[in-house]
Amino acid sequence: MKKIILINISVLLVLVISIFFLLKFINLFISGPPRYYELVYNLENGSLRKKKEKLIYYKSLNSKIKHENEIKFYSDEYKNLKYSGPIKNEDCGSFESGKYELIYALDNYGFRENQDELHQETDYVLLGDSFIISVCESKPYDFKSQLKMLSKDKKFLNLGVGADNYVSQLATLTEVTQNTNFNSLIWFFYEGNDYNDELNKYEYYKKTIRPNHNERKKSINQSISNDELYKVKKKFYISNFYKFRVWLAEEINGLSSLLKIFKKYEALLNNHEYEQVIKIASNYLDQKKIRERYIYYIPSWQRLSNFKSNRIGFYSTNPQIKQLDILKKNVKEISEKNGFTFIDGENRFLNLNNPLSVFHYKLNTHFNRYGYKLFAEDVYNQIINKSNNINK
């Protein structure tokens, strides 16, 4: 009897070890999004935000991130920049780095860190979502600051708004820049979620983007000047079972991607509505005589998480990549048809040794400092530097 038990245990151990090495082997060549939803989030109580915050907290426990060299909102250096609006805590740290918050000054319209005169005259208007705000990085590691360091003689008006998509971004453009003289528009399309919007909301968005809309100007107590404000306070209990589930979710990502080869994904973009939006923007820019207009396509975490497959020729056959490629193709064709120059940011990130290194803990977050630095460099190289050379 004991012999049979020992044999069964041995067989089970061999099976477990074989599965482990099989998963490791597959992950050497094929990658994809870890199965956090199935193995981590679905087994936790609370809101999805809380579940994501817990994962970020767990990952941050072994983080060596140092919150150094930022220009704090209460410092003399920051005050000398003379932003006119209130100070805002973006309250993003718990689902980004898990370590520090983003605190910054708004301008008169509720946008991040613009001097008021930029609303009268600027070289570039930067239009987009929270990636353009640079959630959750402080100066000088944010996107606009990095861009400014590369092109010191240029002025940038940052009109990034968190959770905005293409219709609300159009409203920002047409409502906020009516009295702004500028040379170029760089409109950023984030592949991960910028495809969700409805044209019938355009008039509503125009009203909410105006400077008297108080929701855009929630502020914190400016009399507080303490580094404690920057520290994320949330903590979670992390069990060994939780650690195991996270590990397993990350180890089966290659197998999961392989098994999805026959899955069909729906189209993401309403092409007709997107084209109508681009036409409205194009006509508006024509009226303002703006010739330089760009759509910069930011690759999503979902795309970049499949980077290993790109090295063995499996990348383009992945059904999720096919879905994203169709989205990119549609955005490119519609933008170019209506007078925009389309700039694809995929290669700058996909060609890294590990493209996920541009995100916090390689998770589905906004860019970290390294990511915003590469992002700014690519925008500079593909747009600003080329434009400078052409106009010489």
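Student: Where does Cys-136 lie?
Tutor: Cys-136 is in the loop between helix H5 (130-133) and helix H6 (143-150). Helices (H or I, at least four residues) and strands (E, at least two) are DSSP runs, numbered from the N terminus. The model is predicted: local features need pLDDT of at least 70, side-chain atom pairs count only at pLDDT 80 or more, and totals for chains, interfaces and linings use all residues. Residues are numbered from 1 along each chain as its sequence is written, and side-chain values use heavy atoms, with hydrogens and water left out.

Student: What joins Val-135 and Cys-136?
Tutor: A cis peptide bond, with omega about 10 degrees. Another cis peptide bond joins Lys-139 and Pro-140, with omega about 5 degrees. Pro-140 is also found in the loop between H5 and H6.

Student: What about Asp-91: where does it lie?
Tutor: Asp-91 is in the loop between strand E1 (87-89) and strand E2 (103-105). Its phi is near 55 degrees, a positive value in a residue other than glycine. Most residues other than glycine have a negative phi, and most peptide bonds are trans.

Student: Changing topic, how do the axes of H7 and H11 cross?
Tutor: Helix H7 (residues 166-176) and helix H11 (residues 271-287) have axes that come within 10 Å and cross at roughly 10 degrees. H7 is therefore roughly parallel to H11. Axes are lines fitted to C-alpha atoms, for helices over the stretch in contact, and angles run from 0 to 180 degrees between N-to-C directions. Angles under 35 degrees count as roughly parallel, over 145 as roughly antiparallel, 65 to 115 as roughly perpendicular and the rest as oblique.

Student: Which residues make that contact?
Tutor: Among them are Tyr-166 and Leu-170 of H7, and Val-277 and Tyr-284 of H11. Contact means heavy atoms within 4.5 Å.

Student: And how do the axes of H3 and H9 cross?
Tutor: The axes of helix H3 (residues 48-60) and H9 come within 12 Å and cross at roughly 95 degrees. H3 is therefore roughly perpendicular to H9. Their contact includes Lys-51 and Tyr-58 of H3, and Tyr-242 and Glu-250 of H9.

Student: Where does Phe-241 lie?
Tutor: Phe-241 is in helix H9 (residues 240-251).
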